Amino acid sequence: MLTVYLVRHAQTEWNEQGIVQGWKDSPLTKDGVVKAELLGKRLKEISLDAVYASPTERAVKTAAIVSGLPAAAIKKEKRLMELNYGSWDGRSAEAIQKEEEAKVTTFFTEPHLFEAPGGDTFPALQQRAASAWENIINTHQEGRVLLVSHSGTLKCLLAYLKEESLEHFWDAPPLANCSLTHVEIKHGRTNVKQEGDTSHFN
């Protein structure tokens, strides 16, 4: 059996400030570091065979804190990066809402049709996330793997694993920073055992 632990990166300064954060980066907050450490304690007794992360600093640092490994030992996988928000990246969500209301409405009501200005679509994001996933599970037939990525990427990946349409992207529960999703693959069958769990914060 292969067990994969999917983790959204810890809270960043831009998360806290309401700034759109795709391929651009910002540092983890103090609270983000604390919650990553709590998740690390939860997984402390689990022996990991590999740790993968989006190459963004926020994902790699989260992976290092959670796993206890140096950043150099973490496998950086570019296909696990967040949606490329194009010209929205690094701007406040409030300003974007005022200036591009129609496109923001599409983002929330028809995500499968949304295209970031100069950036990604959710179907394209799902395709690359699924490609990374298939590569990882073919590399690791059994054992335990930690994968640290981003909210949009993980939600697209979970929709792929559960064979759900991206039209219902926003219907799934939100994935909090440092939340844990537990996936098992046994005899070729994939089972999402736990999704977006944050019980380690308590």
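Tutor: Start with helix α6, residues 122-139. This is a predicted model. At 1.5 Å a residue, the 18 residues of α6 should span 26 Å, and the end C-alpha atoms are 26 Å apart, which agrees.

Student: Which residue caps the N-terminal end of α6?

Tutor: Thr121 does, with a side-chain oxygen 3.1 Å from the backbone nitrogen of Ala124.

Student: How should I read the sides of a helix?

Tutor: An α-helix has 3.6 residues a turn, so residues three or four places apart point the same way. In α6, the buried residues are Phe122, Leu125, Gln126, Arg128, Ala129, Ala130, Ala132, Trp133, Ile136 and Ile137.

Student: What covers the buried residues of α6?

Tutor: The cover includes the strands β1 (2-8), β2, β4 and β5 (180-186), along with α5 (101-109) and α7 (151-161).

Student: Now the sheet. What is the order of its strands?

Tutor: Strands of a sheet pair through backbone hydrogen bonds, either parallel or antiparallel. Here 6 strands form an open sheet with mixed pairing, in the order β3-β2-β4-β1-β5-β6. At the edges are β3 (75-76) and β6 (189-197), each of which pairs on one side only.

Student: How does β2 pair with β4?

Tutor: Strand β2 (residues 50-53) runs parallel to β4 (residues 143-149), with 4 bridges between them. Val51 has Leu146 of β4 as its bridge partner, and Tyr52 stands opposite Leu147.

Student: And how many bridges join β2 to β3?

Tutor: There are 2, and these strands also run parallel. The bridge partner of Ala53 in β3 is Lys76. Together with helix α3 (residues 57-67), β2 and β3 make a right-handed β-α-β unit.

Student: Are the faces of β2 covered or open?

Tutor: Both are covered: Ala50 and Tyr52 are buried on one side, Val51 and Ala53 on the other.

Student: What should I look for in the interior?

Tutor: In soluble globular proteins, nonpolar side chains tend to be buried together. The largest nonpolar core in this model has 20 residues, of which Leu6, Trp133 and Leu147 touch the most other members. At least two residues come from each of β1, β2, α6, β4, α7 and β5. Helix α6 gives the most, with 5 residues. Another core, of 19 residues, lies apart from this one and includes Leu43, Ala53, Ala59 and Leu146.

Student: Which residues does Leu6 touch?

Tutor: Leaving out residues up to four places away in sequence, Leu6 touches Trp133, Leu147, Leu154, Leu157, Leu158, Ser179, Leu180, Thr181 and Val183.

Key
Residues numbered from 1 in each chain as written. Predicted model: local features only at pLDDT ≥ 70, side-chain atom pairs only at ≥ 80, totals over all residues. Heavy atoms only, no water. Pairing = 2+ DSSP bridges. Expected span 1.5 Å × (residues − 1). Buried < 20%, exposed > 50% of the residue type's maximum accessible area, 1.4 Å probe, protein only. Contact = heavy atoms within 4.5 Å. Polar contact = N/O pair within 3.5 Å; in protein donor to acceptor, adjacent residues only side chain to side chain. Core = buried A, V, L, I, M, F, W, Y, C linked by side-chain atoms within 4.5 Å. Right-handed = clockwise from strand over helix to strand, strands pointing away.
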